[in-house]
Amino acid sequence: MNDMSPVQTNNLEAFWMPFSANRQFKQAPRMFVGAKDMHYVTADGRQVLDGTAGLWCVNAGHCRPKITEAIQKQAAELDYAPAFQMGHPKAFELASRLVSIAPPGLDHVFYTNSGSESVDTALKIALAYQRVRGEGGRFRLIGRERGYHGVNFGGISVGGIVGNRKMFGTLLTGVDHMRHTHDPARNPYPQGETEHGAELADDLLRIAQLHDPSTIAAVIVEPVAGSTGVLPPPKGYLKRLREICDQHGILLIFDEVITGYGRLGAAFAADHFDVVPDIIVTAKGLTNGVIPMGAVFVRDTIYQAFMQGPEHMIEFAHGYTYSGNPIASAAALATLETYKEEGLFERAKALTPVWAEAIHSLKGARHVIDIRTIGLIGAVELEPIAGQPTKRAFAAFVKAYEKGLLIRTTGDIIALSPPLIIEESQIGEIVDTLKSVLASLD
Ligand SMILES: Cc1ncc(COP(=O)(O)O)c(C=O)c1O
């Protein structure tokens, strides 16, 4: 086919969809053509309630005017500025705004375009920091079983989801994993942090002793593991990790790609759990999901360690063509303003008990074996069909969509994370729809 060929329409095969069952989708496509506030609009004109904030990212709801206008205006004013050796005011204004809502000491921001890039950026900052402060022997990175840190090589190396790792060779060397914290036998149907399991943080000590603590650069965890099926941390677990890191000169990285920007009713999970890491990884809710952008928050001591040597030299050999892109910066500024003006983080906090009670009312529904909630996140775990893992939850996903509700599934777990603007009546609608979906499943 040459360039003059007529436009081909609806060649569904051309697009290799990410993290999707391509053949199943292309037999019966589920297409969104519009969105407003809490709803999507399907190609056949149906309204679908967004129970997942898109992919955990549309925290302020869809097509919010302030964000849309900011993007339109910026695109017409300054479309792009080189990210290296040049600047534009909005990237600096945004960084100042971001550090003003970050936990104390996290005074600097490095921009990326996604959660995966933020994770790999954080890992590189950690390794390079150890080297510039004269601790180049600290080359190991520690993650956790069941952790999800995006899909780039650093992220899948420290991540602990087998299906996301097994196809991709040897990954990064020098990586080890702590035990995960999921223990439904001791912590059934938790609301908020689980009662049991703080001692699992001592697995970091075991690993540190195995390799010698002086070889470890950093440990990375999601404060609430999201994509593996919503695992709230045990009470005291994150504090204990912080103590062990402090004792052994190890950096603590929180991957807050899901928990950042209000999901737990505070700006960051670090605030919610009152544990301040050395680096916070964010993306998603930073721009309300509208434009790809990530931000890595870094402690002042780390930043300052790089600001050495001749001043004409580049201090950190890392960055992306689109780091701090003007349109993304404008979108993020308008997003932060929307969160603030509408008090959305406080709203999420106030709704947390209502949300927890509603989602836990699904206890006893058909196939349900566990339910977990924290902030405005929920997980409903289903008994898998024997020999056919994921099939039952996927059927729930398709049925919910047909009944006008968007949910997300991971394994046999239904994950929920609505926009923070959700009304109580819409929480009720999620629960009612799920009840009828679950009752109809094989
Ligand atoms: C905790 C966590 N880290 C990283 C990522 C990767 O983000 P992205 O898909 O923007 O690369 C995700 C995405 O869901 C995530 O949940």
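## Basis of the model

The model is predicted, so that local features need pLDDT of at least 70 and side-chain atom pairs count only at pLDDT 80 or more, whereas totals for chains, interfaces and linings use all residues. Residues are numbered from 1 along each chain as its sequence is written.

## Helices H13 and H15

Helix H13 (residues 344-360) packs against helix H15 (residues 424-440) at an angle of about 20°, with the axes 9 Å apart; helices are DSSP runs (H or I, at least four residues), numbered from the N terminus, and axes are lines fitted to C-alpha atoms over the stretch in contact, with angles from 0 to 180 degrees between N-to-C directions. H13 and H15 are therefore roughly parallel, a term for angles under 35 degrees.

Val-354, Trp-355, Ala-358 and Ile-359 of H13 make the contact with Glu-424, Ile-427, Gly-428 and Val-431 of H15, where contact means C-beta atoms, placed from the backbone, within 7 Å.

## Helices H4 and H12

Helix H4 (residues 89-101) and helix H12 (residues 326-341) pack at about 35°, their axes 9 Å apart. From H4, Lys-90, Ala-91, Glu-93, Leu-94 and Arg-97 meet Pro-326, Ser-329, Ala-330, Ala-332, Leu-333 and Leu-336 of H12.

## Around the ligand

Of the 15 residues around the ligand (C-beta atom, placed from the backbone, within 6 Å), Ser-114, Gly-115, Ser-116, Gly-150 and Val-257 come nearest. Helix H5 (residues 115-132) gives the largest share of this shell, 3 residues.

How values were computed. Helix = DSSP H or I, 4+ residues; strand = E, 2+ residues; numbered from the N terminus. Parallel < 35°, antiparallel > 145°, perpendicular 65-115°, else oblique. Contact = placed C-beta atoms within 7 Å.
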